[in-house]
Amino acid sequence: MRLITLLIILAAGAVAAPAQSVSLDSCRNMALRSNKQLMIARAGMRKAHYENKEAFAAYLPALDFNGGYMYNQRNISIFGSDQMLPLKTFDPKTGQYAFDLVTNPATGAPVLSPDGQPIPSQVALIPKSAMEYNIHNVFFGAVTLTQPVFMGGKIVAMNRITRQAEQLAAEMHDAEVENVIYAVDAAYWQVVSLLAKQRLAVSYVALLDSLSRDVHLMLDQGVATRSDVLSVDVKLNAARVDLTKVDDGVTLSRMALAQVCGLPVDAVFTLADEGVDEPRLSAEVARTYNMEEVYARRPDLEALRLGVGIMGQKKRVAMADMLPSVAVVGAYSVSNPNMFAGFRRKFSGAFSVGVTVSIPLWHWGGNYYRYRAAEVEETVMAMRLEDARTMVDLQVRQASFKASEAYKTYRATCTNLEQADENLRCADLAFREGMATTDNVLEAQTAWLKAHSEQVDAMIDVRLCDVYLSKCLGTLH
């Protein structure tokens, strides 16, 4: 009778799911919407996109304006003192201009100064103040247009780097999505597992409680001993303690699931799989896989492949530092005061167009060593990719083996569970007929509890191994 009652309790727990329940897909979607690491990854994708746009802008001409104002304490003067310039007069005899010099009346020879220079008879006076200019307040500005023509391939390489970096950010986002899904699945099935064990613990306590009542009645009738009563009561108390621990575990696991899903930790919701006692087994686990397809699906490997490409383009950037660069420059400059038509205190400007060429000549090997360092980085990244491919191959094989073994273990626990149920039924009947002792019933109940617990663990292990295998194969979405 106790066994029938127990089966009714288990069946009721399996079907008594609330009308509104949260499925595994719903938990995944909530986690994907609220996970902070995914938000950071999405922000990284936007950042990489903007950096790609920035790199493309380097192909286009750059238009800049520069302006300023300067106050100067002193004016500038072209001369340090008044200047006297000798004058020339036209000589009809020679038909040329000649300096008008002071001559000796007796000899007609030019009179020389103490420093040996002829002395002009007439001079033009240029006062020092006439060549002094006011620069106390100077305003200036320029609009410059620069068009790169050849930068040694640096602009092309930077565009490739930023484009691959954008793809890399997307792959890292996909990898984080897989991590979040796997974490949600682990937390979800942990709750399901503990709920199943909670129902099992309640049923086990009910079994022991029923047995305890029977043994107490038998003690009153003199067909059981005090030792039998104590044995059952000790087991019952231990089962109640275990039930309390399981209740605490359910509460904590629900908090963990709520946190992963982005809900308040005290949120209470029913899971769609709470009453599921049989896992939906998929087809047999494959033992061999097309590893090239697996490599292509793995976002972490794709990220490493993009990393190898980025390192190659960084090497190209380092090479560009050793090559000439050419740019066309056009500008319109203005100033106040200006000197385009005398020194005037007003704004005036002019256009200018030119070509700039920069050729690295000698940097003591600095550019070459930078190139070699980038070359080593590319080699290291390629080796990391190859090592990661080897680790993925091992990871897939191990995950496949674990999934296959989990299925085998689950089937074995199902067989063991049937035997434990039958053993408990037989022990219960034998006890009622007086052909079995209390210890025999306790042993059968303990075996029944162990079989059910192992079956729950095996069922959850099947789920988690399935999810982990999908993650290893790159098919977890």
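Me: How much accessible surface does the protein chain have, and what share belongs to carbon and sulfur atoms?
Reply: In this predicted model, the accessible surface of the protein chain comes to about 28,100 Å², and carbon and sulfur atoms account for 59% of that area.

Me: And what percentage of the residues count as buried?
Reply: Of the 477 residues in the protein chain, 33% count as buried.

Me: How does the radius of gyration stand against that of a compact globule?
Reply: The protein chain has a radius of gyration of 47 Å, whereas a compact globule of 477 residues would come out near 23 Å. Taken along the principal axes, the box filled by the C-alpha atoms is roughly 170 × 45 × 40 Å.

Me: What's the secondary structure, and what share of the contacts join residues at least 24 apart?
Reply: The secondary structure comes to 9 helices and 10 strands. Among contacts between residues at least 6 apart in sequence, 81% join residues at least 24 apart.

Me: Switching to charges, how far apart are the mean positions of the positive and negative ones?
Reply: The protein chain carries 47 positive and 52 negative charges, and their mean positions are 10 Å apart.

Me: How many salt bridges are there?
Reply: The count comes to 19 salt bridges. Among them is the pair of Arg254 and Glu274, whose side chains meet at 2.9 Å, N to O.

Me: Which parts of the chain does the Asp214 and Arg432 pair link?
Reply: The side chains of Asp214 and Arg432 meet in a salt bridge at 4.0 Å, N to O. This pair links distant parts of the chain, with Asp214 in helix α4 (residues 154-221) and Arg432 in helix α8 (residues 366-432), 218 residues apart. Arg432 counts as partly exposed, at 46% relative accessibility.

Me: What about Lys128, what does it pair with?
Reply: Lys128 forms a salt bridge with Glu132, and their closest N and O atoms are 3.5 Å apart. Lys128 is partly exposed, with a relative accessible area of 27%, and Glu132 also counts as partly exposed, at 39%.

Me: Last one, which residues are linked in a network of salt bridges?
Reply: Lys154, Asp321 and Arg370 are linked in such a network.

Notes
Residues are numbered from 1 along each chain as its sequence is written. This is a predicted model: local features need pLDDT of at least 70, side-chain atom pairs count only at pLDDT 80 or more; totals for chains, interfaces and linings use all residues. Side-chain values use heavy atoms; hydrogens and water are left out. Helices (H or I, at least four residues) and strands (E, at least two) are DSSP runs, numbered from the N terminus. The radius of gyration is taken over C-alpha atoms; the globule rule is 2.2 Å times the number of residues to the power 0.38. Buried means under 20% relative accessible area, exposed over 50%, partly exposed in between (1.4 Å probe, protein chains only). Contact means heavy atoms within 4.5 Å. Accessible areas come from the Shrake-Rupley method with a 1.4 Å probe; for residues, only the protein chains shown count as cover. Lys and Arg count as positive and Asp and Glu as negative; His and the chain ends are not counted. The place of a charge is taken as NZ of Lys, CZ of Arg, CG of Asp or CD of Glu.
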